[in-house]
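Reader: I have a structure open and would like to go through it with you. Could we begin with the sheets and then turn to the helices?

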Amino acid sequence: MKILVTGGLGFIGSHTAVELQNEGYEVVIIDNCSNSSPDVLKGVEAITGKQPIFENFDLREKDKVQDFFKRHHDIEGVIHFAASKAVGESVEKPLLYYENNISVLVYILQELQKKDKTSFIFSSSCTVYGQADELPITENAPVKVAESPYGNTKQIGEEIIRDTCKVQPNLNAIALRYFNPIGAHPSAEIGELPIGVPQNLVPFITQTAIGLREQLSVFGDDYPTEDGTCIRDYIHVVDLAKAHVVALQRLLKNNNVFNYEVFNVGTGTGSSVLEVIQSFEKVSDQKLNYQVVDRREGDITSAYANTDKANNELGWKAKSSLDEALSSAWKWEQKVRA
């Protein structure tokens, strides 16, 4: 069975390609390498013994999307990761984010609606909840006004898919709302490799520990939390990748209740920034150079998932601990800089 993974050379996409191949699927990756490298294919092959089919083009080119689906008419499922994802950059370049994250989604769905039956998994985000009124956050929590154009593209993306599913019974879709993916494959063959200055906490921690960054900034220690730092739900990327495979299989086996469904994907446990730092120092045996600085605009106080729906309906549960995730991230960082 042939599955398309858009953005499949990226952090989450590459780990999902591995899990799909481990389950026997034939994987086709489209990626324009704007925030990734073709070298990732070697890592996927090293883990699974097989290199995915790879096409390098920009999904914003509608004619190329149409041509791809003509040539690969036997695609039975799509996992859609390809999107720009830096919150700060989205504030500075909103039109880039709306073009890249919305138009591409529309072009893919236009091709999928021509099929007799198809399954679509959308890479969404817990940013749609904003600062939730209640914790842990369930899928029924209200979607808040987005804090950034990036967050807004995830909300709009979900609306586009939901509206399309209403009139296209042949399209079955699941939106997975991720919390905070971290870590790397235990083999250290693939992992998170941000281009430029990392936007996320864990790669900044590992790059500081290895000497690439002088100091880690902790944005605020005066939040209404136990230690004053922000709380997030950090999920091992391999657990997250497996959630995509389980969600896809739910659709392929017709086990879905509705043709559009939403699931939170997290651990159900919140960890503060200082707790993440302490965990990293423990597993790496490194003392981290960090400094508390002013709060960062747009940061919410606390967000962690209620995972009951994913656990009970999808039959998926996160297995790795924070320590295990950070240990894998450090192993990967050391390999990349060796």
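This is a predicted model: local features need pLDDT of at least 70, side-chain atom pairs count only at pLDDT 80 or more; totals for chains, interfaces and linings use all residues.

Reader: In what order do the strands of the seven-stranded sheet run, and how do they pair?

Author: The order is E3-E2-E1-E4-E5-E6-E11, in an open sheet with parallel pairing.

Reader: Which strands stand at its edges?

Author: Those are strand E3 (53-55) and strand E11 (260-265). Each has a single partner strand, so one side of each is left without a neighbour in the sheet. From one strand to the next, the twist averages 20 degrees.

Reader: How many bridges join E1 to E2?

Author: Five bridges join strand E1 (residues 2-6) to strand E2 (residues 26-30), and the two run parallel. As an example, Lys-2 has Glu-26 of E2 as its bridge partner.

Reader: Which strands does helix H1 lie across?

Author: Helix H1 (residues 11-22) lies across E1, E2, strand E4 (75-80) and strand E6 (171-178). Its direction is at about 165 degrees to E2.

Reader: What is the strand order in the sheet of three strands?

Author: That open sheet has the order E12-E9-E14, with mixed pairing. Strand E12 (271-272) and strand E14 (302-303) are the edge strands, each pairing on one side only. Strand E9 (residues 231-232) runs antiparallel to E12, and two bridges join them. In one of these pairings, Ile-231 is partnered by Ser-272 of E12.

Reader: Which residues make the contact?

Author: From H7 they are Val-202, Pro-203, Thr-206, Gln-207 and Ala-209. H11 contributes Leu-326, Ala-329, Trp-330, Glu-333 and Arg-337. By type, the residues of this contact divide into six nonpolar, two polar and two charged.

Reader: Is Glu-333 buried or exposed?

Author: Glu-333, which lies in helix H11, has 5% relative accessibility. Buried means under 20%, so Glu-333 counts as buried.

Reader: What is Glu-333 in contact with, leaving aside its neighbours within four places in sequence?

Author: On that basis, Glu-333 is in contact with Pro-203, Thr-206, Gln-207 and Ile-210. Pro-203, Thr-206 and Gln-207 are also among the H7 residues that make the contact with H11.

How values were computed
Residues are numbered from 1 along each chain as its sequence is written. Side-chain values use heavy atoms; hydrogens and water are left out. Two strands pair if DSSP finds at least two bridges between them. Helices (H or I, at least four residues) and strands (E, at least two) are DSSP runs, numbered from the N terminus. Contact means heavy atoms within 4.5 Å. Ala, Val, Leu, Ile, Met, Phe, Trp, Tyr, Cys and Pro count as nonpolar, Asp, Glu, Lys and Arg as charged, and the others, Gly among them, as polar. Buried means under 20% relative accessible area, exposed over 50%, partly exposed in between (1.4 Å probe, protein chains only). Axes are lines fitted to C-alpha atoms, for helices over the stretch in contact, and angles run from 0 to 180 degrees between N-to-C directions.
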